[in-house]
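Reader: I would like to go through the labels used for this structure and see what each of them rests on.
Author: Ask about them one at a time.

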Amino acid sequence: MIEVKNIEDLERVINCVKNSKKNIIILSGTLGSGKTTFVQQFTKSLGIEEGVNSPTFSIQNIYDNKVFHYDLYNKGVNEFLALGMLEELEKDGYHFIEWGEELEDVLKNFGIDFLRVNIVLSENTRDYECQN
């Protein structure tokens, strides 16, 4: 568990993701827990200055062809699959999937490795857990 009190503390979570050697990351947390903020800081750590926002309505945003950011909150797993988005995960780069918990079984069934990052809101902090 990594306790995060400010933006600078996210560096430890960023290192956890990079050190996992996995490029598909399921971000799990409640609404407003900081999933998109984490992706923003991660892209900055790669030297990408492009603005990051949640792809809630578009399902996917791409930053510098290095970071692929998905949000399944509105569209859900079935639409993600129907749109052929599973094939997008084969592209080189980091793939961050918000609200992708229901996608985990599909990934496992296809033998696709991923990292799960759980974010839990506390009163003054966020606790991040990387699950390999």
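Reader: Why does Tyr63 count as buried?
Author: Buried means under 20% relative accessible area, exposed over 50%, and partly exposed in between, with a 1.4 Å probe and protein chains only. Tyr63 has 2% relative accessibility, so Tyr63 counts as buried. As for the source, this is a predicted model, where local features need pLDDT of at least 70, side-chain atom pairs count only at pLDDT 80 or more, and totals for chains, interfaces and linings use all residues. Residues are numbered from 1 along each chain as its sequence is written, and side-chain values use heavy atoms, with hydrogens and water left out.

Reader: Where is Tyr63 placed, and which residues is Tyr63 in contact with, leaving aside its neighbours within four places in sequence?
Author: Tyr63 belongs to strand S3. Helices (H or I, at least four residues) and strands (E, at least two) are DSSP runs, numbered from the N terminus. Contact means heavy atoms within 4.5 Å. With neighbours within four places in sequence set aside, the contacts of Tyr63 include Thr43, Ile48, Val52 and His69. Tyr63 and Ile48 are 15 residues apart in sequence, with 7.4 Å from C-alpha to C-alpha.

Reader: What makes Thr56 buried?
Author: Its relative accessible area is 17%, so Thr56 is buried. Thr56 sits in the loop between helix H2 (35–45) and strand S3 (60–63).

Reader: Which side chains make a polar contact with the side chain of Thr56?
Author: A polar contact is a pair of N or O atoms within 3.5 Å; within protein, one must be able to donate a hydrogen and the other to accept it, and residues adjacent in sequence count only if both atoms are side-chain atoms. The side chain of Thr56 has such a contact with that of Ser54, at 2.8 Å, and another with that of Asp71, at 3.0 Å. Apart from neighbours within four places in sequence, Thr56 is in contact with Asp71 and Asn74.

Reader: What makes the pair of Tyr70 and Phe80 edge-to-face?
Author: Take the count of pairs before that one. Rings of Phe, Tyr and Trp (its six-membered ring) pair if their centres lie within 6.5 Å; planes under 30 degrees apart count as stacked, over 60 as edge-to-face and the rest as tilted. By this rule there are eight aromatic pairs. One of them joins Phe38 and Tyr128, with 6.0 Å centre to centre and 45° between the planes, a tilted pair. Phe38 lies in helix H2 and Tyr128 in strand S7 (residues 126–131), so this pair ties together parts that are 90 residues apart in sequence. Phe38 and Tyr128 are both buried. For Tyr70 and Phe80 the ring centres are 5.7 Å apart and the planes are at 80°, so that pair is edge-to-face. Tyr70 is in strand S4 and Phe80 in helix H3, 10 residues apart. Both Tyr70 and Phe80 are buried.

Reader: Which residues do ring pairs link into a cluster?
Author: Phe38, Phe42, Tyr94, Phe96 and Tyr128. A charge sits over a ring if NZ of Lys or CZ of Arg is within 6 Å of the ring centre and within 35 degrees of the ring normal. Lys18 lies over the face of Phe42, 5.6 Å from the ring centre.

Reader: How do you know that strand S5 is mostly covered?
Author: S5 spans residues 94–98, and four of its five residues are buried. Two strands pair if DSSP finds at least two bridges between them. S2 (residues 24–28) is joined to S5 by four bridges, and the two run parallel; Ile26 has Ile97 as its bridge partner in S5. S4 (residues 67–71) is joined to S5 by five bridges, also parallel, and the partner of Val67 in S5 is Tyr94.

Reader: What makes Lys21 exposed, and what is the phi of Lys21?
Author: The relative accessible area of Lys21 is 73%, so Lys21 is exposed. Its phi is positive, about 65°, although Lys21 is not a glycine. Most residues other than glycine have a negative phi. Ile59 also has a positive phi, near 75°, but Ile59 is buried, with a relative accessible area of 5%.
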